[in-house]
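Here is a short report on a two-chain model. Please keep the sequence and the structure side by side while reading.

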Amino acid sequence: MNPVLRGFVIYVFLLIIFRLMGKRTLSDTTTFDFVLLLIISETTQQALMGDDFSLTASAILICTLMGLDLIFTLLKHRLPTFGTITEGAPLIIVNEGKPLKKRMDKVKVKEDDIMYAARLCFGLEKMEEIKYAVLEKDGTITIIPYR
Amino acid sequence: MISPANKIERIKSTLQIKEEINQHIAGWKIQRMGWVFIFGIMLLALLGLFGEGILSNETKKSGDITTQYDRFIRYDSETKVLIVSNSAHMATVSLPQDYLKKLRSIRIIPEPDANDMSTDYVNYNFKGSENKMIAIYLVPKAYGNIDATMLINGMDRIVLHHFIYP
């Protein structure tokens, strides 16, 4: 298969798979997630290159991946809905000290994860000290404490 | 239908963010369907829809000769066509040239003593008198459906069907 087509198929496939797996997959990287990422990158590399290890094929693939990334960035900039579909949107998971359980359940976030972020960012001790916690597009949890 | 107990909390906050909760809800539904799709792919792969499994194993008989091969194969991934004869010696195996254009023959065991070409076929000739098993190793170099008629000793016709995944 043409390297450009191969790059396009793999890029879109990875985009869809990671989107389906949810936000926490990439952000809350445990040792096992790290190993999983290494395996995925190795598998992807084989699918991308096939048995063509030439410098030209590598250059074509790098250009293709960069080009696709550029196209997606431009599309996200021009069409905000496209950005929300491909990358998601932030989600409030704690509102005025109260964890929003159903939302947390949907995005597989535990209270421990929120408290970890609260301790890490502001040294907070209790859930009641958090005004808002937001699960961001990139999967990180941001904390807004009561002032 | 979503029962009130399962309803996602709707809130009003002072935060300046575009939460798009309806899109989140739709996204979670699609995500669930995606998980079913992923598990479906895993199951079908285990069963052999993408090669190497019960859905893929094919056995064809023609007289005393049995041929085993994979119905579903993948591009650039080695596959085997195993021909077994219960009684007769196999002196010649003929494969169509069109077939060999799409599946490159990389190894034949036992090694043929000679090859020659006829109108549409490549003939592999084996010496001896007790040759009862031949394994042909092939690497697919095309995509899609491929049908071919293989000839054993110029008489027994075995139709091979492959689907090659990219």
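A residue counts as buried if 20 or more other C-beta atoms lie within 10 Å of its own, as exposed if 12 or fewer do, and as partly exposed in between. The model is predicted. Take A:Ile144, which sits in strand E4 (residues 141-145) of chain A. Is A:Ile144 buried, exposed or partly exposed? A:Ile144 has 17 other C-beta atoms within 10 Å, so it is partly exposed.

Which residues does A:Ile144 touch, leaving aside those up to four places away in sequence? The contacts are A:Lys131 and A:Tyr132.

## A helix pair in chain A

Helix H4 (residues 55-78) of chain A packs against helix H5 (residues 80-87) of chain A. Their axes are 5 Å apart and meet at an angle of about 125°. Angles from 65 to 115 degrees count as roughly perpendicular, and those over 145 as roughly antiparallel. H4(A) and H5(A) are therefore oblique to each other.

Which residues make this contact? H4(A) brings A:Phe72, A:Leu75 and A:Lys76. H5(A) brings A:Phe82, A:Gly83 and A:Thr86. By type, the contact of H4(A) with H5(A) holds three nonpolar residues, two polar and one charged.

## Where chain A meets chain B

How many residues does each chain give to the contact? Chain A gives 18 residues and chain B gives 20 residues. On the side of chain A, strand E1 (91-95), helix H6 (101-106) and strand E3 (130-135) each supply at least two residues. That side of chain A divides into nine nonpolar, five polar and four charged residues.

## Strand pairing in chain B

Strand E4 (residues 79-85) of chain B pairs with strand E2 (residues 65-70) of chain B in the antiparallel sense, over four bridges. Within this pairing, B:Gln68 has B:Leu82 in E4(B) as its bridge partner.

E4(B) also pairs with strand E9 (residues 133-140) of chain B. This pairing is antiparallel too, and runs over six bridges. Here B:Val81 stands opposite B:Ile136 in E9(B).

Terms used. Residues numbered from 1 in each chain as written. Chains lettered and ligands numbered in written order. Predicted model: local features only at pLDDT ≥ 70, side-chain atom pairs only at ≥ 80, totals over all residues. Pairing = 2+ DSSP bridges. Contact = placed C-beta atoms within 7 Å. Nonpolar A, V, L, I, M, F, W, Y, C, P; charged D, E, K, R; others polar. Axes fitted to C-alpha atoms, helices over the stretch in contact; angles between N-to-C directions. Parallel < 35°, antiparallel > 145°, perpendicular 65-115°, else oblique.
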